[in-house]
Amino acid sequence: MIRIVIAENQQMLLEAISSLLNLEEDIEIVGKASNGEEAMALVRHLQPDVCIMDMEMPVMSGLEAAEALKSYACKVVILTTFRKTGHFQLALKANVSGYLLKDSPGEELACSIRGIMGGKRIYSPELIDDSPGNNDREMGVLGLLADGQSKMEASNKQSDTMGTVRKYFSAIKDKMKVPAG
């Protein structure tokens with residue numbers, strides 16, 4: 001059973017996400033919060049597997065809370081409505097496991113959670129920006145890898161040599177501070 005805490009300051013949306021995920025047989029909502037500070041307290045107390053947080057909330061944003069929760073075993077998924085330049089880099093810095101759009105289909109959230117629990121990092125391609133320090137080729141490879149592609153599949157889709165893809169992948173991992181592997 002995947003245990004989840006959800007943090008969303010809009011009550012109706014909080015209840016909708018909770019109800020949607022509670023329909024899944026392998027997911028249990030163990031806590032709900034209306035801001036990042038409450039989410040942090042729930043994560044410390046309930047020790048869920050995943051904390052889903054809205055990007056922008058009062059008291060403490062989802063990114064601020066994610067940054068503060070980096071040392072916890074709980075995986076963080078950030079949900080947002082809008083793409084804002086620089087937020088993708090902040091999400092990477094906060095080491096979030098998922099960065100997703102709120103208007104994605106409901107079943108996509110449950111599938112993303114399962115993928116994240118399986119060790120993947122899942123980022124909505126629309127949210128990956130070209131902030132300083134990112135180049136277009138790295139972002140293309142990251143998008144494919146975030147979609148669960150292997151290094152070889154990413155290479156084939158980008159029509160690059162494996163060495164080039166490995167170079168981009170290494171640069172992305174360096175920026176994300178992900179251990180080699």
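## Basis of the model

This is a predicted model, in which local features need pLDDT of at least 70 and side-chain atom pairs count only at pLDDT 80 or more, while totals for chains, interfaces and linings use all residues. Residues are numbered from 1 along each chain as its sequence is written, and side-chain values use heavy atoms, without hydrogens and water.

## Helix H1

Helices (H or I, at least four residues) and strands (E, at least two) are DSSP runs, numbered from the N terminus. The expected span of a helix is 1.5 Å times one less than its number of residues.

Leu14, Ile17, Ser18 and Leu21 of H1 are buried (under 20% relative accessible area, with exposed over 50% and partly exposed in between; 1.4 Å probe, protein chains only). These buried residues line one face of H1, because they fall within an arc of 100 degrees seen down its axis (the arc of the directions from the helix axis to the C-beta atoms). Their cover includes strands S1 (2–7), S2 (27–33), S3 (50–54) and S4 (75–80), together with helix H5 (106–117).

## Helix H5

The 12 residues of H5 should span 16 Å, which agrees with the 17 Å between its end C-alpha atoms. Buried residues in H5 are Leu109, Ala110, Ser112, Ile113, Gly115 and Ile116. Cys111 is partly exposed, at 49% relative accessibility.

## Cysteines

With a disulfide defined as a pair of cysteine sulfur atoms within 2.5 Å, the count is 0. Cys74 is buried, with a relative accessible area of 8%. The closest cysteine sulfur to that of Cys74 belongs to Cys51, at 5.3 Å, which is too far for a bond.

Key
Contact means heavy atoms within 4.5 Å.
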